[in-house]
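The entries follow in the order in which I took them.

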Amino acid sequence: MKKVLSQKYNFGNINVKKLVGYDIINYKVTADSKNYILKTYPDKKEKIDFANAENEVLVHLQKEENICYPSPVPNSRNELLTPFLDVESKKQARLLTFLEGTFLVDALHSTELFKSFGKFLAELD
C-alpha cells in the first residue's frame, strides 16, 4: 500500500495500519503528518458504483455546517478512485480524511451513545 500511496498520491513518510473490515479492506494511513483512511475494493462494477456513490454523498455533505464528515481525497490525477494492481488482482482505492475519535464498534455502548447516534442519523436526512 505504501507504493500506491507514494506513486498515486505523492505521499512521503508513510505509515500504514490494516483495520478490521468486512467486504473491503481498510487501512489507517499516516503520511506527511496527516491521518487518512484508505479503502480498497475489488475492481468489480457493483463495488465501484457503491464507492462512487459514497464519494458523491460525502462531497455533498461537505456543504453541511457544524457537522464533520470525512472528505474524499483526490489522487495526483485529481481522481477520487485510484486503480492499482494488487498481488492477486486489479483493485480500486479511495482515500478519505480521518476523523479523530473512537469507532462505533469500539465505543462503550450506552443509551446516551445510541441516542446521540440516532440524533446524528436523523439530522443527516
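**Entry 1**

I began with Ser 33, which I found in the loop between strand 2 and strand 3. The model is a predicted one, and I read every value below as computed from it. Ser 33 is not a glycine, yet its phi is positive, at about 70°. I looked up its accessibility as well: Ser 33 is exposed, because its relative accessible area is 71% and the cut-off for exposed is over 50%.

I then turned to Asp 32, which sits in the loop between strand 2 (25–31) and strand 3. Asp 32 also has a positive phi, near 50°, and is a residue other than glycine. With a relative accessible area of 41%, Asp 32 is partly exposed.

**Entry 2: salt bridges**

How many salt bridges does the count come to? I noted three, and I took them one by one.

For Asp 49 and Lys 45, the closest N and O atoms of the salt bridge are 2.6 Å apart. Both residues belong to helix 2, and because they are four residues apart there, about one helical turn separates them. I checked the exposure of each partner. Lys 45 is exposed at 63% relative accessible area, while Asp 49 is partly exposed at 39%.

In the salt bridge of Arg 94 with Glu 54, I read 2.1 Å between the closest N and O atoms. This pair links distant parts of the chain, with Arg 94 in strand 6 and Glu 54 in helix 2, 40 residues apart. Is Arg 94 buried or exposed? I have it down as buried, because its relative accessibility is 2% and buried means under 20%. Glu 54 counts as partly exposed, at 26% relative accessibility.

Asp 86 and Lys 91 form a salt bridge in which the closest N and O atoms are 3.6 Å apart. Lys 91 counts as buried at 15% relative accessibility, whereas Asp 86 is partly exposed at 31%.

**Entry 3: Thr 82**

I placed Thr 82 in strand 5, which covers residues 82–85. Its relative accessibility is 0%, so Thr 82 counts as buried.

Which residue has its side chain joined to that of Thr 82 by a polar contact? I found Asn 75, with a polar contact of 2.8 Å between the two side chains.

**Entry 4: Gln 62**

Next I looked up Gln 62, in the loop between helix 2 and strand 4 (72–73). At 36% relative accessibility, I put Gln 62 down as partly exposed. Not counting residues up to four places away in sequence, Gln 62 touches Tyr 69, Pro 70 and Ser 71. For Pro 70 I noted a further detail: its backbone oxygen lies 3.1 Å from a polar atom of the Gln 62 side chain. I also took the C-alpha separation of Gln 62 and Pro 72, which is 9.9 Å for two residues 10 apart along the chain.

**Entry 5: the largest pocket**

Pro 70 came up again when I turned to the largest pocket, where it is one of the residues nearest the centre. Lys 39, Thr 102, Phe 103 and Leu 104 are also among those nearest the centre, and the lining holds 35 residues. I recorded a volume of about 1500 Å³ for this pocket.

Which elements give two or more residues to the lining? I have strand 3 (34–42), helix 2 (45–61), strand 6 (90–97) and helix 3 (111–124). The largest share comes from helix 3, with six residues.

I sorted the lining by residue type last. The lining of the largest pocket divides into 22 nonpolar, six polar and seven charged residues.

Methods
Residues are numbered from 1 along each chain as its sequence is written. This is a predicted model: local features need pLDDT of at least 70, side-chain atom pairs count only at pLDDT 80 or more; totals for chains, interfaces and linings use all residues. Side-chain values use heavy atoms; hydrogens and water are left out. On a 1 Å grid over the protein atoms alone, a cavity is a set of points where a 1.4 Å probe fits but cannot get out, and a pocket is an open set with protein on both sides within 12 Å along at least five of seven lines; lining residues have an atom within 4 Å of a point. Grid points are joined across faces, edges and corners, and a volume is the space filled by probe spheres set on the points. Ala, Val, Leu, Ile, Met, Phe, Trp, Tyr, Cys and Pro count as nonpolar, Asp, Glu, Lys and Arg as charged, and the others, Gly among them, as polar. Buried means under 20% relative accessible area, exposed over 50%, partly exposed in between (1.4 Å probe, protein chains only). A polar contact is a pair of N or O atoms within 3.5 Å; within protein, one must be able to donate a hydrogen and the other to accept it, and residues adjacent in sequence count only if both atoms are side-chain atoms. A salt bridge is a side-chain nitrogen of Lys or Arg within 4 Å of a carboxyl oxygen of Asp or Glu. Contact means heavy atoms within 4.5 Å.
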